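Okay, thanks for having me, everyone. Let me put the sequence and the model up on the screen, and then I'll walk you through a few spots.

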Amino acid sequence: MTKSRVQDAKNRHKNGYNCAQAVACTYCDLLGMDEKTAFRAAEAYGLGISKRYATCGSVCAMIMLAGLKNSDANLQAPASKFSTFELGGKMMDQFEKWNTSCQCADLRGTDGKTDRLRSCRGCVADCARLVEDFLFPGQFEKYEERSPEEE
């Protein structure tokens, strides 16, 4: 079993990656994508998709990784999209169970501090945990810690 990468995702976020980039870049090597490409592809998803505070950027990256993992990549006769929708939906359901919403505006609250449901770094950690649990079951050690900056 490999050491969890959740802390790596949190460190990327701490060091300037947006929430989507932190999640996507932490696992892209396991899904056939180089980090620079993942960084570029995820850039516009930060702050709830281009600062619209819609779906959390971490959640968007998590779902993008689900597609990279599950898609059959059959351009002529795609057959995996519904199973990928189901996989992504289950991951989002668990995120919502933990945080009550997948919407950046709800998660951040009005000012990102006083009435927030979850910090951005906490969302990064949660999505990284879900990537490990759903996309790579049994490959990573469990990450259980919830540090103060994740609250």
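The buried residues of H7 are covered by, among others, helix H1 (6–14), helix H2 (19–27), helix H4 (57–70), helix H5 (81–99) and helix H6 (104–108). By contact I mean heavy atoms within 4.5 Å. The helices here are DSSP runs of H or I with at least four residues, numbered from the N terminus.

Before I go on, a bit of housekeeping. This is a predicted model, where local features need pLDDT of at least 70 and side-chain atom pairs count only at pLDDT 80 or more, while totals for chains, interfaces and linings use all residues. Residues are numbered from 1 along each chain as its sequence is written, and side-chain values use heavy atoms, with hydrogens and water left out.

Back to H7, then. How many of its 16 residues are buried? Twelve are, so I'd call the helix mostly covered, going by the definition of buried as under 20% relative accessible area, with exposed over 50% and partly exposed in between (1.4 Å probe, protein chains only). Among the buried ones you'll find Gly122, Cys123, Val124 and Leu135. The helix runs over residues 120–135, and its end C-alpha atoms sit 22 Å apart, which agrees with the 22 Å it should span at 1.5 Å a residue. That expected span is 1.5 Å times one less than the number of residues.

Asp126 is buried because its relative accessible area is 0%. It meets the side chain of Arg118 in a salt bridge, 2.9 Å from N to O. For a salt bridge we ask for a side-chain nitrogen of Lys or Arg within 4 Å of a carboxyl oxygen of Asp or Glu. Arg118 counts as buried too, at 1% relative accessibility. Asp126 also forms a salt bridge with Arg129, where the closest N and O atoms are 4.0 Å apart. Those two both lie in H7, three residues apart, about one turn of the helix. Arg129 is buried, with a relative accessible area of 13%. Through shared partners, Arg118, Asp126 and Arg129 join into one network of salt bridges.

How many salt bridges are there in the whole structure? The search finds six. One of them pairs Arg12 with Glu35, with 3.1 Å between the closest N and O atoms. Arg12 is in helix H1 and Glu35 in helix H3 (residues 35–42), so this pair ties together parts 23 residues apart in sequence. Glu35 counts as partly exposed, at 30% relative accessibility.

A search of the whole structure turns up one cavity of 30 Å³ or more. A cavity, on a 1 Å grid over the protein atoms alone, is a set of points where a 1.4 Å probe fits but cannot get out, and lining residues have an atom within 4 Å of a point. The largest cavity holds about 80 Å³ of space. It is lined by 13 residues, and the closest to its centre are Cys19, Cys56, Cys104, Cys120 and Cys123. H4, H6 and H7 each give two or more residues to that lining, and H6 gives the most, with three.

Last stop: Met92, in helix H5. Met92 is partly exposed, at 26% relative accessibility. Leaving out residues up to four places away in sequence, Met92 touches Val59, Met62, Ile63 and Cys102.

Note on methods
On a 1 Å grid over the protein atoms alone, a cavity is a set of points where a 1.4 Å probe fits but cannot get out, and a pocket is an open set with protein on both sides within 12 Å along at least five of seven lines; lining residues have an atom within 4 Å of a point. Grid points are joined across faces, edges and corners, and a volume is the space filled by probe spheres set on the points.
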